[in-house]
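Thanks for coming. I will go through the cavities first, then the salt bridges.

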Amino acid sequence: MLNEGPKTPKPQEFAESVAQSDGYEFAAAQTALAQSRNPQVRAFAERMIADHEQTERALRDAATASGLKPPLAHVGGDQASYLASLQSLRGDEFDREYGRQQMLAHTSALTQMRSYAQKGADSNLRRMATLGVPIVEHHLETARQLLQSLM
Amino acid sequence: MSNDPSRPPTRREAMRGLGASLATAPLVLAATGAQAQPQMQQSAAEPRRETIRDPRNAFPKPPFASQQQPWPGLAGNMNPRPDHGESSYVGSGRLAGRKALITGGDSGMGRAAAIAYAREGADVAINYLPAEEPDAREVADLIRQAGRKAVTIPGDLRDEAFCRRLVEEAVRQLGGLDIVVSNAGRQQSRSSILDISTEDFDATMKTNIYAPFWIIKAALPHLQPGSAIIGTTSEQAYDPSPDLYDYAQTKAATMNYVKSLAKQLGPKGIRVNGVAPGPVWTPLQVSGGASEGKVVTFGATAPLGRPGQPAELAGIYVRLAEDDGSYTTGNIYGAGGGQGNP
């Protein structure tokens with residue numbers, strides 16, 4: 001059957017995209033802790049590691065409850081190029097790029113979370129997304145403030 | 001021609017238009033205004049641009065509003081609306097008297113090429129899907145405002161008989177044909193090969209590979225030495241995204257047919273080239289070509305930090321069609337935003 005137009009992700013697809021988002025956040029935050037001396041950037045990175053460890057757990061629980069393969073956090077797709085450009089920068093340039101990427105990555109994540117919370121097919125993942133929306137909103141707001149303070 | 005109210009804008013008028021659009025962007029103005037003012041006077045030589053433009057800030061940057069449209073989508077319903085050079089492209093007779101057929105000429109790169117070709121003096125036939133009529137009407141009006149003939153031929157390129165009719169109709173209404181831009185494409189993001197049905201795969205192959213084959217075959221008997229064939233390929237031909245399994249391989253095929261046909265048709269005096277866009281802000285992306293999450297940050301990972309606008313590729317389509325590019329054949333010209341290919 002011909003199947004054209006925008007799609008709501010299937011449960012496994014949505015779970016994979018959340019796991020990719022977690023994977024990128026971990027890798028970017030670890031890069032920031034290794035390469036940045038800015039206290040605000042470092043505090044934001046530490047917060048991301050702590051919060052995304054929780055997201056990862058919530059995702060694993062929801063996926064398992066729905067009989068899905070629990071996806072492992074990993075860096076994929078577009079986020080690989082985010083990371084590559086981040087890892088090549090130092091100093092203020094690194095901090096600004098980290099802030100810019102955090103603002104953009106959380107914009108993407110929020111769009112996906114909101115959409116799944118409304119339209120997703122799997123009830124456990126939908127609940128996880130609903131609970132995730134305010135957390136991602138808060139991350140996005142903090143990322144915006146971080147970026148502002150670095151400009 | 002200069003008294004014709006429908007003539008294209010002169011460079012000076014286009015610059016005035018640019019000034020007006022800058023006035024609506026206080027941030028840009030505040031950043032450049034103080035230094036830029038004294039240089040705004042016209043010099044006798046009238047340079048191409050009075051000010052140098054930073055490519056990072058020349059067009060909208062992500063994040064964008066979340067948006068989705070049913071396939072195939074309309075440029076007119078996108079936010080922000082893509083820029084196809086409607087108010088900026090200024091011609092100088094580089095394609096005077098030429099006759100062009102452009103598939104997918106209603107939006108995206110095809111529309112940018114159609115506007116530019118008309119303002120460079122060519123008559124233009126565009127093909128598009130019936131659902132894209134609102135976009136196509138705007139393009140036809142722009143072609144006519146440039147003082148050129150506009151021919152609109154809606155129809156689905158997956159049908160071989162339609163492809164043949166398309167070429168015959170274009171030749172008949174234009175009174176010949178010497179530029180063929182095979183640009184229309186189908187792109188649908190699927191994260192797994194398991195989600196691509198045979199019908200989906202077939203639709204992508206028919207639109208992106210068979211249609212150029214049928215159209216070029218039908219057009220060839222009409223093409224005199226000096227004619228040009230241009231295919232729209234993609235950065236995807238070289239560095240495919242995981243969710244574009246079917247689309248990306250059709251773009252690799254396009255890159256390849258450009259090279260084989262250039263060898264075949266060089267001895268007949270017909271040039272064949274390709275254009276490889278990076279991430280460009282077109283309806284293809286918001287009608288299933290990219291995931292919702294990718295649309296809101298579209299182009300963010302490009303080193304220029306934003307997607308390309310179709311207008312930024314118009315000059316490439318002109319270059320590959322015009323006589324001045326007479327030694328360019330079998331080549332792929334890119335506008336990749338820094339992502340590296342071709």
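**Cavities and salt bridges**

The largest cavity is lined by B:S182, B:N183, B:A184, B:T207, B:N208, B:P212, B:T232, B:K251, B:T254 and B:Y257. Two elements of chain B, α6 (198-219) and α7 (245-265), each give two or more residues to that lining. Helices here are DSSP runs of H or I with at least four residues, strands are runs of E with at least two, and both are numbered from the N terminus.

This is a predicted model: local features need pLDDT of at least 70, side-chain atom pairs count only at pLDDT 80 or more, and totals for chains, interfaces and linings use all residues. Residues are numbered from 1 along each chain as its sequence is written, chains are lettered from A and ligands numbered from 1 in the order in which they are written, and side-chain values use heavy atoms, with hydrogens and water left out.

A cavity, on a 1 Å grid over the protein atoms alone, is a set of points where a 1.4 Å probe fits but cannot get out, and lining residues have an atom within 4 Å of a point. Volume is the space filled by probe spheres set on the points, which are joined across faces, edges and corners. There are two cavities of 30 Å³ or more.

What lines the second largest cavity? The residues are B:R186, B:Q188, B:R190, B:I196, B:D200 and B:D246. By class that is one nonpolar, one polar and four charged. Asp, Glu, Lys and Arg count as charged, Ala, Val, Leu, Ile, Met, Phe, Trp, Tyr, Cys and Pro as nonpolar, and the others, Gly among them, as polar. B:R186, B:R190 and B:D200 also belong to a salt-bridge network with A:E4.

On to salt bridges, meaning a side-chain nitrogen of Lys or Arg within 4 Å of a carboxyl oxygen of Asp or Glu. Over all chains there are 25. B:E138 pairs with B:R111 at 2.7 Å, N to O. B:E138 sits in helix α4 (residues 133-145) and B:R111 in helix α3 (residues 108-119), both of chain B, so the pair ties together parts 27 residues apart in sequence.

Is B:R111 buried or exposed? B:R111 is buried, at 2% relative accessible area, while B:E138 is partly exposed at 28%. Buried means under 20%, exposed over 50%, and partly exposed in between, with a 1.4 Å probe and protein chains only.

Methods. On a 1 Å grid over the protein atoms alone, a cavity is a set of points where a 1.4 Å probe fits but cannot get out, and a pocket is an open set with protein on both sides within 12 Å along at least five of seven lines; lining residues have an atom within 4 Å of a point.
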